[in-house]
Amino acid sequence: MEFNYQHQDWSNLKVLGRNRMPVRPFYTGWQSKEDARTKKKEESGKYTCLNGTWKFAYFTSPFLVPEGCTAEVFDDSEWDQMPVPGHWQLNGYDHPHYNDAYALFPITDDPTIQADNPTGVYRRTLQIEKQDTLEYILRFDGVESAYHVWVNGQQVGYSQGPRNTAEFDITPYVKHGENVLAVEVYKYSDGSYLENQDMWWFAGIIRDVALITRPLVHLSDYKIDALLEEDLSTGSFHGELVVENHTLETVELTVETELYDGEKKVFAEEHPVILSGVNADDENQCREGKMTVVIDQKIPEVQPWSAEVPYLYDVVMTVKQNGEVIEAYSCRTGFRTICLKDGLFYVNGVPIKLRGVNRHDWNEHTGRCIREEDMLADLYLMKQNNINAVRTSHYPPTPVFLDMCDTLGLYVMEEADLECNQMSYTKKMNRISDDTLWEAAYIDRAERMVRRDKNHPSILFWSLGNESGFGSAFVEEGKFVKAYDPTRLIHYEEDRDASIADVYSTMYTRHHQLEMLGKDTSKPKPHVVCEYAHAMGNGPGGLKEYWEIYEKYPRLQGGFIWEWVDHGLKRTDENGKSYYTYGGDYEDHPNSGAFCCDGLIQADRTPTPAILQVKKVLEPVVFHGFDPCTGMITVENKYDFQGLEHLEATAVIEYPEAGTTVKEVAVDLSGIKPHEMKQVQIYHPEELQLGDAAEDCWMTIRVAYREKPVWAAEEHHEVAFHQELLKAGVKEVQTAPAAELQVSEAAGVILVQGTDFEVGFDRVHGNLCKYVFKGETLIQEGKDMNFWRAPVDNDINARKIWQTGMIDHVCNVVENVAVEEKENEVVIAVKQFYAPIILEWKILIKAEYHISTEGVVTVKYHGTPVGNQLPESFPRIGLRYVLPKECEQVKWYGRGPLETYKDCKEGNRFGCFESTVSDFYFPYVVPQETGNHEDTKWVEFAGKNGHILRIEAKDTFAFGALHYTQEALTKATHTNEVEPMEETVLCIDYAQHGLGSASWGAECLEKDRLHPEVFEFEWSISGK
């Protein structure tokens, strides 16, 4: 007895598929031209969706699948049920497993898959009214990772490449009446060597399954190239329509091609076609009648397609016999062209910038099995935040996503389902990619992508894959793509010399490196950063500086932020609290922890606060060169193809603190062509006389859509804003009235009492510990100076510095506290230092608390870091207080409305804002620092009796207020582990370290780091 387990279809490099049909760029035809133009595929009468609940059985190995379970007659009554689409790991079988680049199978020259290869068998029935005049096609839009298909017990075929479409002609296998469909799915295959794409390892039927019918005479393929001539107004329409005859008879046909601009017919062209029938004389040689019809038309004055103006035309193709429609087909197309010229790439004659993001398919409950609503929500949010491009990392999306990009207007870099990053652990990164045995697999994945999606105008680039080294396999893959579709460009980041790629590409390029690349004009091709600004947790920081560099150098043509959406799985704990899970939460080892949660939006599509910074740095309209003496300002149009007539701008001159508006005027945006600037006058000097005031006077220009786009969440959607401080307020220095202050001491607390207020000072620890105004406690506890923050994900490297420097173990040493009673004030002077355990460094502090008869506590600090073991940087420098639970309502003057940090703040404008302490907390997947507000002039907390605690700076400060301590946030690994406290923890900071994107990107820029340098600040604390 012998059992040979080698070279099964799922572990055989020579088998990429069996009996798969050639890839088509469409689903189905329609009965009439009108239906083809106006109806969905589900309304065609030729498309039956097979999604739903299937019978399911799970096995730990394909070798343990019992014989007969894919047969037509089999008792599956005891089997479980499984949703299709669905991952079985999210439906009770196996377990989710996340890692970044580890392979979960051996790496061998002859691809090997272990015996324990989880396998699922699916079964369902379907009713078919079989007609001899029709063919029956079974379509799978995605199955992870490989699968065999049976119909009525007969094996139909095999496919791998999980995010690629596969179709099987099941006409010979189906019968009239009830039919049994069975699918055996393997979690791992030799294809898995190319599927290590920094995501969860899942399995199952993950996208739509459908039964499609078509007549024996039909279009089997069409390729539409709608380009622009050099004059950029004449359209060049080239179509290649493949007509096939699968009948036994020769047929005479007419193939008609029409182009519509709305209801207007642009052209119509008919071609007579004679196709022979299937030659069945020779059993071994069956010949099908087949012909390619070619259409070439030059069309004057077409409307170009771009992400800014996604103008689409309808192509209708009809196969007729004797004047009767056999089948009609339609697709949407847009006239646009992309080419290389003079070291840049041009879209419609313009060297554009890609303001892009990387996007995975994701749903918080169903993983990569996503709904159309998820896709639409993604694209709407992208458009709302000035994003113009998406890279489909790291696999082709479902076709409807590309339809949406065509319609809404986003440039697409579509990427082949290919990454073998696990090879980095073998120290032979090119081992697979430079192996001729793998060339067919590489070409197969690119070919299926390109042939399916070739007709989408939104696609500018074909990306050959991701993080897989380089070699002959990529060269051959690229050659195929270039030969088949010369109308688009090729991208592949690890083609370092751009030998097959049309652009140079890097990822996570540091700012200074990017500047050097921008300066290098010797390169014959442009540069794109396919991944940058790792958006894990709080951040990314440094976006403004990235885009200053992109804008400065023409050959830097933009990039794609990593990434769009968190891949967190939502779960509920035993207490009913929901939270997001990640690698390691399912006993999945090895794992990469929360590295899958690195998006600009959370898994439920809630944008993170940093989305405002993205929107700001990508604004299509900017203002500069403001002259307050003349009221003139320069407007720059950063659009590539449109003027600003679709927008309206309003300038508001106001005193935000007082809530008064001085002037509101419309700003003239007319006549500003793409990439041009124009000076406009906001006001005439004689019309605006600003007198002296205690409050700052600001001018805010808001640019918004005149009419609501389909993707906008509200009317007059804002695309840009600009602010100028017209006049700084000058507050009168008021002398405190003469009054008596009572000073006493008890239990280590110095108590200063005046009319309507009481200040407690902890003489042991050297800090303010209580503030009472008119009988209401507004500060109930003081803390030592604050040098720590709950590390953000992007602090991954800085955290090591901070913890090595023992910043989280700093001791407060008070040397002297002196109390001096003066006329109209009490001054408490403190000499102390803060030093860590073990190490030799400290911060020398001289502090003064001036307590006036009005109850104003002026806090003055001077700090000097010293010592030969000082850390390179600090998380923060500031003070911390505990406020009673009643201090929930917050009002502040500074940047808002969301949290801001030193290197991630420009997306929040200056003004007066109101919120609550509860709303300041943002639930990052891993709890971390949140809720900070930079550039604050003052902040107020309202108590239960309407009394207010006010903190005000001589210049500015940062503040954060949460119902969580930084210690609790530091300790927690999931949001359900932190319980909000009733009280408020208030942090008032001289400064915080910036964010950066070092979770897998650039460190915080040097200018945004908090270095151990001499510092001083002056704040006032008062009640009212």
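I began with histidine 394, which sits in the loop between strand E29 (389-391) and helix H3 (399-408). This is a predicted model, so I keep that in mind for every entry. What joins serine 393 and histidine 394? I find a cis peptide bond there, with omega about -10°.

The other cis bond I noted joins glycine 539 and proline 540, and its omega is about 10°. Proline 540 lies in the loop between E35 and H7. I wrote these down because most peptide bonds are trans.

Next I looked at phi. Most residues other than glycine have a negative phi. Aspartate 756 is not a glycine, yet its phi is positive, about 70°. I located aspartate 756 in the loop between strand E47 (749-754) and strand E48 (757-762). Its relative accessibility is 43%, so I put it down as partly exposed.

Isoleucine 838 also has a positive phi without being a glycine, this time about 75°. Its loop runs between strand E53 (825-836) and strand E54 (842-852). Is isoleucine 838 buried or exposed? It counts as exposed, because its relative accessibility is 76%.

**H6 against H7**

Proline 540 had put me in the loop between E35 and H7, so I went on to the helix itself. How do the axes of H6 and H7 cross? For helix H6 (residues 511-519) and helix H7 (residues 543-552) I get a crossing of roughly 5°, with the axes coming within 9 Å. That makes the two helices roughly parallel, because the angle is under 35 degrees.

From H6, the contact uses His511, Leu514 and Glu515. From H7, it uses Glu545, Tyr546, Ile549, Tyr550 and Lys552. Sorted by class, I have four nonpolar, one polar and three charged residues in this contact.

I then asked which residues of H7 are buried. They are Leu543, Glu545, Tyr546, Trp547, Ile549 and Tyr550. Glu545, Tyr546, Ile549 and Tyr550 turn up both among these buried residues and in the contact with H6. In an α-helix, residues three or four places apart point the same way, because there are 3.6 residues a turn.

H6 is part of what covers the buried residues of H7. The cover also includes strand E28 (354-358), strand E35 (527-532), strand E36 (556-561) and helix H8 (611-617).

**Cavities**

How many cavities of 30 Å³ or more are in the whole structure? My search found 10.

Strand E60 (948-962), helix H11 (966-971) and strand E61 (984-992) each supply at least two lining residues. E60 gives the most, three residues. By class, I noted seven nonpolar, four polar and two charged residues in this lining.

The second largest cavity comes to about 100 Å³. Of its 15 lining residues, Glu195, Met199, Trp200, Trp201 and Arg368 lie nearest the centre. Strand E13 (195-196) and strand E14 (199-201) supply at least two residues each. The largest share is from E14, with three residues. This lining has four nonpolar, four polar and seven charged residues.

**Two single residues**

I checked methionine 677 first. It is in strand E43 (residues 677-681). Beyond its neighbours within four places in sequence, methionine 677 is in contact with His624, Thr634, Val635, Glu636 and Ile672. I also took its C-alpha to C-alpha distance to glutamate 906: 22 Å in space, for 229 residues in sequence.

Serine 236 came next, in strand E18 (residues 235-245). Is serine 236 buried or exposed? Its relative accessibility is 12%, so it counts as buried. Leaving out residues up to four places away in sequence, I see serine 236 touching Asp225, Ala226, Leu227, Glu229, Gln297, Lys298 and Phe335.

Technical notes:
Residues are numbered from 1 along each chain as its sequence is written. This is a predicted model: local features need pLDDT of at least 70, side-chain atom pairs count only at pLDDT 80 or more; totals for chains, interfaces and linings use all residues. Side-chain values use heavy atoms; hydrogens and water are left out. Axes are lines fitted to C-alpha atoms, for helices over the stretch in contact, and angles run from 0 to 180 degrees between N-to-C directions. Helices (H or I, at least four residues) and strands (E, at least two) are DSSP runs, numbered from the N terminus. Angles under 35 degrees count as roughly parallel, over 145 as roughly antiparallel, 65 to 115 as roughly perpendicular and the rest as oblique. Contact means heavy atoms within 4.5 Å. Ala, Val, Leu, Ile, Met, Phe, Trp, Tyr, Cys and Pro count as nonpolar, Asp, Glu, Lys and Arg as charged, and the others, Gly among them, as polar. Buried means under 20% relative accessible area, exposed over 50%, partly exposed in between (1.4 Å probe, protein chains only). On a 1 Å grid over the protein atoms alone, a cavity is a set of points where a 1.4 Å probe fits but cannot get out, and a pocket is an open set with protein on both sides within 12 Å along at least five of seven lines; lining residues have an atom within 4 Å of a point. Grid points are joined across faces, edges and corners, and a volume is the space filled by probe spheres set on the points.
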